[in-house]
Amino acid sequence: VSLQMMKHAWDNYKRYAWGLNELKPISKQGHSSNLFGNIQGATIVDALDTLYIMEMKEEFKEAKEWVEKNLDFNVNAEISVFEVNIRFVGGLLSAYYLSGEEIFRKKAVELGEKLLPAFNTPTGIPWALLNIKSGIGRNWPWASGGSSILAEFGTLHLEFVHLSHLSGNPVFAEKVMNIRKVLNRLDKPEGLYPNYLNPSSGQWGQHHVSIGGLGDSFYEYLLKAWLMSDKTDEEGKKMYYDAVQAIETHLIRKSSGGLTYIAEWKGGLLEHKMGHLTCFAGGMFALGADGAPNDKTGHHIELGAEIARTCHESYDRTSMKLGPEAFRFDGGVEAIATRQNEKYYILRPEVIETYMYMWRLTHDPKYRQWGWEAVEALEKHCRVDGGYSGIRDVYNNQESHDDVQQSFFLSETLKYLYLLFSEDDLLPFEHWVFNTEAHPLPILHKDDRSKEENQK
Ligand code: DMJ
């Protein structure tokens, strides 16, 4: 089924928005996102590995030809360093590792080089935004005290380690190792990492902590850096398990109805709200369970299962059976969005991602059932003639479509669905880690590395 869904999403993108960043499936035209500046073709690059994995050979070939002929980074464009890294660098790296086609390696390294000026700050903590022609960076105007964002500068590690590995140039890995150094020198309030860090002063901005938006994939990349290093990156490992300990103590709570959730922390006060983005953490806890210190393996699996259940409830308590952007545990509600501007669903993957990890790690059939419920809801409410669209209010009975087919629907949502219903030996966890945009990157095995070093 996810293959048919991918075909529908891809064919319509190709028909109405080929070469542009995303598709507007209702108005049947291109959608340009300012996250990528003038870099074009986000959907193509994001979808390459999904096409490959689903064995959509013709489509993969067309996509590759487009990359060869049209993917151009010599443009005057201000881009989000984070978004371009996770979607374009990550997409190209996976396409290279899966297919072995040199063009993808070349383009990934070329783009990585374009991103390097973002690190020209007094601390080496990169800017959020970068003009890839002039090399001038800056931060989001809304970010506390001119800060860079934890989930943005903390989500470069996996890709940059691979860029060094593939180019032979250590500079990429050095840049991300320095980010860790800066973080490890700082005092952390209650052991937590605030979402804002000023790249000039090296001081935290507002003490807001989140495992959802602005924080999320920083934690994910600590764990995955350790896994991707074949469990040799002890620093990443320690940072991850210490952070989880602080999160459990200060952010994780249980509602009176028995649902475990992860709240947000604002200078010591809890906001009892959980974002759709935060739902990825169920999968993360389960993936990290195996290495958990102090006999906590079972506990981390259980935590993953609890988060998966809560996020499933957030879907089940809507009329469309698709989850809202954020749901609350206060004012007499549990796992329900109460504010109008938190009721939308934009084809995000995190809940299905967690089902996929829970399925692989426990084989409890309920995760496939829950994934199937999501497929049915997507087909009923998001599928339109011209592709797939997000929904403005999942509590309404009547769909109001937002008219955007997000590129992460093809790279993540459909890929995780496909994996949920595949055998475990398709991209097995012993050999691959997924970047935060669901692009698989190979684990750098100790044996292979020492072989390579000997050859040098
Ligand atoms: C994706 O770009 C990535 O999953 C990122 O980590 C968070 N936001 C979107 C999907 O919701």
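Me: In which helix is Asn85 found?
Reply: In this predicted model, Asn85 is found in helix 4, which runs over residues 81-99.

Me: Why does Asn85 count as buried?
Reply: A residue is called buried when its relative accessible area is under 20%. Asn85 has a relative accessibility of 0%, and therefore it counts as buried.

Me: What makes the pair of side chains of Asn85 and Glu159 a polar contact?
Reply: The term asks for a pair of N or O atoms within 3.5 Å, one able to donate a hydrogen and the other to accept it. The side chains of Asn85 and Glu159 are joined at 3.1 Å, and the side chain of Asn85 also reaches the backbone oxygen of Thr155 at 3.0 Å. Glu159 and Thr155 are also among the residues that Asn85 touches, when residues up to four places away in sequence are not counted.

Me: How do you know that a disulfide joins Cys279 to Cys311?
Reply: Two cysteine sulfur atoms must lie within 2.5 Å to be given this name, and the S to S distance between Cys279 and Cys311 is 2.1 Å. The structure holds one disulfide.

Me: Why is the disulfide of Cys279 and Cys311 called left-handed?
Reply: The torsion about its S-S bond is about -95°, and so the disulfide is left-handed. Cys279 lies in the loop between strand 13 and helix 11, while Cys311 lies in helix 12, so the pair ties together parts that are 32 residues apart in sequence.

Me: Why is the sulfur of Cys382 too far from the closest cysteine sulfur for a bond?
Reply: The closest cysteine sulfur, in Cys279, is 16 Å away, whereas the cut-off for a disulfide is 2.5 Å. Cys382 is buried, because its relative accessible area is 0%.

Me: How far is an oxygen atom of the ligand from an N or O atom in the side chain of Glu437?
Reply: The distance to Glu437 is 2.6 Å, which is within the 3.5 Å cut-off for a polar contact. For the side chain of Arg348 the distance is 2.7 Å, and for that of Thr436 it is 2.8 Å. The protein covers 91% of the 290 Å² of accessible area that the ligand has on its own.

Me: What makes strand 8 and strand 12 edge strands?
Reply: Three strands form an open antiparallel sheet in the order 8-11-12, and strands 8 and 12 each pair on one side only. Strand 11 and strand 12 count as a pair because at least two bridges are needed, and three bridges are found between them.

Definitions and conventions: Residues are numbered from 1 along each chain as its sequence is written. This is a predicted model: local features need pLDDT of at least 70, side-chain atom pairs count only at pLDDT 80 or more; totals for chains, interfaces and linings use all residues. Side-chain values use heavy atoms; hydrogens and water are left out. Helices (H or I, at least four residues) and strands (E, at least two) are DSSP runs, numbered from the N terminus. Buried means under 20% relative accessible area, exposed over 50%, partly exposed in between (1.4 Å probe, protein chains only). Contact means heavy atoms within 4.5 Å. Accessible areas come from the Shrake-Rupley method with a 1.4 Å probe; for residues, only the protein chains shown count as cover.
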